Amino acid sequence: MPQGPLKTHEIPDMGITLPDGTRLSARVWMPDDARDNPVPAILEFLPYRKRDGTAARDATTHPHFARHGYACLRVDMRGNGDSQGVMDDEYSPRELADGVDVVNWIAAQDWCSGNVGMMGISWGGFNALQVAALAPKPLKAIVTVCSTVDRFADDIHYKGGCLLNANFGWGATMLCYSSRAPDPALVGDKWREMWLERLNDEPFLTTLWASHQHRDAYWKHGSVCEDYSAIKAATLTIGGWRDGYKNAPQSLLENLDAPTKAIIGPWIHKYPHIAAPEPRIDFIGETLRWWDHWLKGLDTGVKTDPDLRLYMLEQGATSTDAANGCWINQDFRNAPQKVLHLGAKGLGEIATPFTVNIDCPASTGLSGEEIFTVWPGGAFTAGQSADDAQSICFDTDQLDADLSIVGAVRVDLTLTSTTPVAQIAARLCEVDAQGKSHLITTGVLNLTHRESAQNPAPLPVNTPFTASLNLDQIAYRLPAGSRLRLSLSNAYWPLIWPAPGHTKLGLSAGKISLPLLHENTDNPVEFTAPETPPTMNVRTIRDASQSRDITTNPETGLLSVACVDDAGEVEDLEHGLINGTVAREWWDIHPYDPLSARARAHWSYRNARGDWSVRTETFSEMWSDVQAFHFTARIEAYEGEKLIFERDFSNSIPRDLV
């Protein structure tokens, strides 16, 4: 049986020296007697600052694992937090090599048994998979949450070959994150030298990502789908239906040779014990069972768990309330299929002739989800009627029985285009008995990528062609009496950047293939509810707040989505560090001019303790014309109220079938 709870201690700054001499800083929790009785170790390797950025979240995971017999390390990545150096990119070869070196370093310590696990959500979930693919010998198991197997097709950059606006938003975020100063209480007098090195050398990653518009070698690096067999570590993979990263669990389950289990809940982009909507699960307990089996050799029953446990959503789920639905045991593999054809009267089992034009306002999509549903503008909006009114919709008749969709819906279309570059967005919705439209799942496709993401080709103008896209995986039950709706648009703002000019699509045929619940799925799944997570000992200086406002300029007709995410400001009473963040984003577009699209971001970040106070202000902007994308950015760094550093970025990148 699992042991614990044990007496533990915390080390706020354990140094890990890499082969090139760079010192990384680790926050460590471990049992008091670990040096006499070595224990397995668990690594979380991030750029998000253990000292303040993830401290509240870390308090809910690593101390608990330590009390149950693990050494837990939250390591600041090179160039971030209290670690030396400069970060060059996300998931770069150097980052992953550092990850391997850290795993091997941990395994060689006298307090470690030699077995190491790696865990993380989002960035940490990505690099857990990527480091596992490099197969360091001590790495026996991983837990990857809200991650991807394909960096091009299923990350925040080019979904379906469309340029996601999160590409700009996340680059703006990292410009702020990587500009933050280390804590003098840990790194000493060299804090200022380390800070200035970061400010001088950090990249504006948005432009790097925007320069790789096809699925080239840059994106293949770190995409574990290139060689699933490279992963030897036992893999627990977890996703959430209201997160942008919902497709990896099934892909890993189907393709890994290593022992693999998967869980998909109703959640947004957070660990499942602190996520919304409910029901949350005891993620800590589930993960501990995984570690105990694969790192300690204990029989905890994980090998007999269902391969895939998922939450079947039902009408009315939101990101803040409890989701309607239930847990089921269902494997997507070999799911029965139901095919419905597009026709003059909607969706039906028989194809009927029709022709329609898809010519939507450039602002269509304001009721959609964003990739990160924990960032500005990312709140889930259930009502789809406004977007449906601007789209071309195909409905079934009222369902005479419940319809349970489980997996990735495929959409096949016969189209024409008035331009050589165009895009399409497909939304699957439930229309309830009162006529309200609820989002089920979405997919987008840059139609020049209809045959290849690596070698896209211009569309034949005014000539029929076929295109297929898979919508994001989902588990959703529609009740009898409702209708299934497919909504199609040639714009989806602000999720994706518009095509380079006004485009009209002609649609003359199509079908959707629905993966259904297995008829023999009669094994309900139960999870233990999480305990109330521990909270940090902090003093609130400024409360957190969030807003999302949509306005239209009465003179210009320009529509603007303004998002403010004020994370507030707090003082950590354990060590006195104050931190506060405000993120602001603006997404502007004219409904009848795709080339009017413009994105802006302004991040403020402050740290202080006593007389020491530092702040960075970062500004980013993006716009485009027919030929190119244009970017500017700026960093300002302050000691107190004195500007001590400023740096500007400017770049234009030719559009290449985007």
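Start by selecting aspartate 154 and lysine 159: the two form a salt bridge, with their closest N and O atoms 2.9 Å apart. A salt bridge here is a side-chain nitrogen of Lys or Arg within 4 Å of a carboxyl oxygen of Asp or Glu. Side chains of opposite charge can pair when their charged atoms come close. Aspartate 154 and lysine 159 are both buried; buried means under 20% relative accessible area, exposed over 50%, and partly exposed in between (1.4 Å probe, protein chains only).

The model is predicted: local features need pLDDT of at least 70, side-chain atom pairs count only at pLDDT 80 or more, and totals for chains, interfaces and linings use all residues. Residues are numbered from 1 along each chain as its sequence is written, and side-chain values use heavy atoms, with hydrogens and water left out.

Next, select glutamate 641 and arginine 615, a salt bridge whose closest N and O atoms are 3.2 Å apart. Glutamate 641 sits in the loop between β31 (628–639) and β32 (642–654), and arginine 615 in strand β30 (residues 612–624), so the pair ties together parts 26 residues apart in sequence. Strands (E, at least two residues) are DSSP runs, numbered from the N terminus. Glutamate 641 is exposed at 67% relative accessible area, whereas arginine 615 is buried at 18%.

Move on to aspartate 88 and arginine 94, where the closest N and O atoms of the salt bridge are 4.0 Å apart. Aspartate 88 is partly exposed, at 34%, and arginine 94 is also partly exposed, at 33%.

Last, select Lys50, Asp58, Arg74, Asp76 and Asp82, which are linked in a network of salt bridges. The whole structure holds 46 salt bridges.

Conventions: Helix = DSSP H or I, 4+ residues; strand = E, 2+ residues; numbered from the N terminus.
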